[in-house]
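Hello,

Here is the structure I promised to pass on. My notes follow below it.

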There are 2 protein chains.
Amino acid sequence: REERGERRVQILISGLFSLAGFALTLKLIPIVKEFCLRKGLCGRDINKELNTNTEKIPESLGIVVGTVFLVVVILFQPFVPEMLREYNAALTSILFMLFLGFADDVLDLRWSIKICLSFLAILPLLVSYSGPTNIIVPKPFRPLLGLDVELSYFYHLYMAFIAVFCTNSINIYAGINGLESTQSLLIAMAILVHNFLELQGPYRDAHLSSIFFILPFLATTSGLVYFNWYPSKVFVGDSFTYFSGMTLAVVSIMGHFSKTLLLLFLPQLINFVLSLPQLFGIIHCPRHRVPTFNPKTGKLENSKNLTLLNAFLFLFGPTHEETLVIRLSIFQILCCALAFAVRYSHAMTNIFYDSGATKLP
Amino acid sequence: REERGERRVQILISGLFSLAGFALTLKLIPIVKEFCLRKGLCGRDINKELNTNTEKIPESLGIVVGTVFLVVVILFQPFVPEMLREYNAALTSILFMLFLGFADDVLDLRWSIKICLSFLAILPLLVSYSGPTNIIVPKPFRPLLGLDVELSYFYHLYMAFIAVFCTNSINIYAGINGLESTQSLLIAMAILVHNFLELQGPYRDAHLSSIFFILPFLATTSGLVYFNWYPSKVFVGDSFTYFSGMTLAVVSIMGHFSKTLLLLFLPQLINFVLSLPQLFGIIHCPRHRVPTFNPKTGKLENSKNLTLLNAFLFLFGPTHEETLVIRLSIFQILCCALAFAVRYSHAMTNIFYDSGATKLP
Ligand SMILES: [Mg+2]
Ligand SMILES: [Mg+2]
């Protein structure tokens, strides 16, 4: 059909723009890195041998990823005239979070201010959100709640919590080279696959708008991973984690797949739940909760802080930093696979929903 | 009429929100100031006596003004559901510029990058712009051009230049305490008056949306002037000048009064034209083009750089810093008065246009 052909052209253009964004990110990071070093926006890599750990690594390179992402998304606007209302609202939310993250990198804001502002950052999207506000109830809960629940304003509140959770859970699932950027990349890949699978479904326009954000996000984040993977040449900064968390939350809201997103965020969720006792100060919380580097073995060891990193070191034994980030990446991939299993396999959906493909209620 | 009553309520709510924004700005600047000082985001005040000029003044407090402005404008969104498309586009443009300005404060970006990105920042508004793209020709030029000229895409290019001009001309019209913030405040006041006068006219909705941005801008900028006026407790930073220039450009585009805006920008235009030989390197351009402080007399003297500040010192003689900023503010007020004269007086409009009030072509 003609409409489908038009969609393909749009996706193709977005893909080409994103490729250019990937190249631009690769070109800009080494340049902006020097600006960051010159202005003292840098940190030590605490998990390295003593001789290298005095070297300063430039921080906050998320601003390059975020800026190039914005350039791509803004230049693409003329191709989606009919979506601009939500599109611009989404942009405002993401941009606000990028700005907030960068301000945090530079000024070290208080966490109470950050939580307040991240609630606020999602507001433009919530106000412009025109999609459904009901939740289709998984089968086991239907005797209690019925087929679907109209949440109305509570759905907006639910979306706000999604946004705050995503931004902060990515930010605290960190501490070793490349983890922040790689987890974001993997989740984004899973989202892209999900979007393409749902392009035949009833919410195709919602998933289409998600694609237009996730393609440039994937492209620019790939550029970052190239420099941020072990051993890191650059650090990502809160400018990246906040930007990334908000982008993923925003596309899930626009695409109406926030429950699927939470499944993709399983590692972050586990890390968050593990962290709760320390976040709330029930157990002492030091400034850094990273694993302990053992200079004798060159391996990371469990630092007894409540994080998923330490849980992995506890379960599978001390290991090299790169091995740990690979293991955590594999875990992320497994969780994404699980999400798809829950979402698409007939066996699973028969337990939770009526049919394998998304149908309009 | 009922519609008019509804508009009044909206303006009242926007005014109340803005008042709260004013209070919040007054409260936050002293707090964030300490963060800036601690992180070395500060500068010396070069026009002061030696004993005070070693003191560090916190810089880049534009981020507080910008953030509070955003908070107010975002919280106000639910009250203007029908405007959100353009509203969010305008927000994106302003927010992008605020982010860019802050990045410049922290990293000292190259001017070529800044010009490119400020063109890009206005793009979201241009894409969403749905207003007229014609210019009503002033009478003297009508034999040549006709009654009005449909510019189509060239109108978009014209708007882009307005945005780049506004942001950069406010930024270079600087160098003494309080000038950046005060000029922005005075122009914003003139815009507000213009908007209210035009609320009876045919473009009332356009001017209404301008009011919803200019009220919070006025409120938060007033808070900044309080701390930035001579002797400055804080400096505004490029985060403020870029944010301010873009906001003024954006409201003039939304309100379709960009020609009037250029009249209000007369001092900035003069300063820009004066600066051209130095900006293009025809005459040597030092890093700072501020007037010279004479510690013996305590007065500022013409530093022979081509700026409006030095022109005033040349014309009216060396003077105290506060006197100079007062004189320049009076000049700004006179230019605004001139703009209103051109725009509204029957004698003037008879020369340029057909009637005293704006009529649809
Ligand atoms: Mg972080
Ligand atoms: Mg400046």
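How many residues does the contact take from chain B and from chain A? It takes 38 residues from chain B and 38 residues from chain A, where contact means heavy atoms within 4.5 Å.

First, the conventions. This is a predicted model, in which local features need pLDDT of at least 70 and side-chain atom pairs count only at pLDDT 80 or more, while totals for chains, interfaces and linings use all residues. Residues are numbered from 1 along each chain as its sequence is written, chains are lettered from A and ligands numbered from 1 in the order in which they are written, and side-chain values use heavy atoms, with hydrogens and water left out.

**Interface**

Chain B and chain A bury about 3500 Å² between them. Carbon and sulfur atoms carry 80% of that. Buried area here is the accessible area (1.4 Å probe) that two parts lose on being put together, summed over both. B:Phe35, B:Phe99 and B:Leu107 supply 20% of the area that chain B buries against chain A, more than any other three residues.

Eight residue pairs are in polar contact between chain B and chain A, both at pLDDT 80 or more. A polar contact is a pair of N or O atoms within 3.5 Å; within protein, one must be able to donate a hydrogen and the other to accept it, and residues adjacent in sequence count only if both atoms are side-chain atoms.

On the side of chain B that touches chain A, H4(B) gives the largest share, 14 residues. Helices (H or I, at least four residues) and strands (E, at least two) are DSSP runs, numbered from the N terminus. That side divides into 29 nonpolar, five polar and four charged residues. Nonpolar covers Ala, Val, Leu, Ile, Met, Phe, Trp, Tyr, Cys and Pro; charged covers Asp, Glu, Lys and Arg; the others, Gly among them, are polar.

There are two salt bridges between chain B and chain A (a side-chain nitrogen of Lys or Arg within 4 Å of a carboxyl oxygen of Asp or Glu). In one of them, B:Lys39 meets A:Asp108 at 2.8 Å, N to O.

**A buried valine**

B:Val250 sits in helix H10 (residues 237–254) of chain B. B:Val250 counts as buried because its relative accessibility is 0% (buried means under 20% relative accessible area, exposed over 50%, partly exposed in between; 1.4 Å probe, protein chains only). Not counting residues up to four places away in sequence, B:Val250 touches B:Ala90, B:Ser93, B:Ile94, B:Ile122 and B:Leu125.

Best wishes
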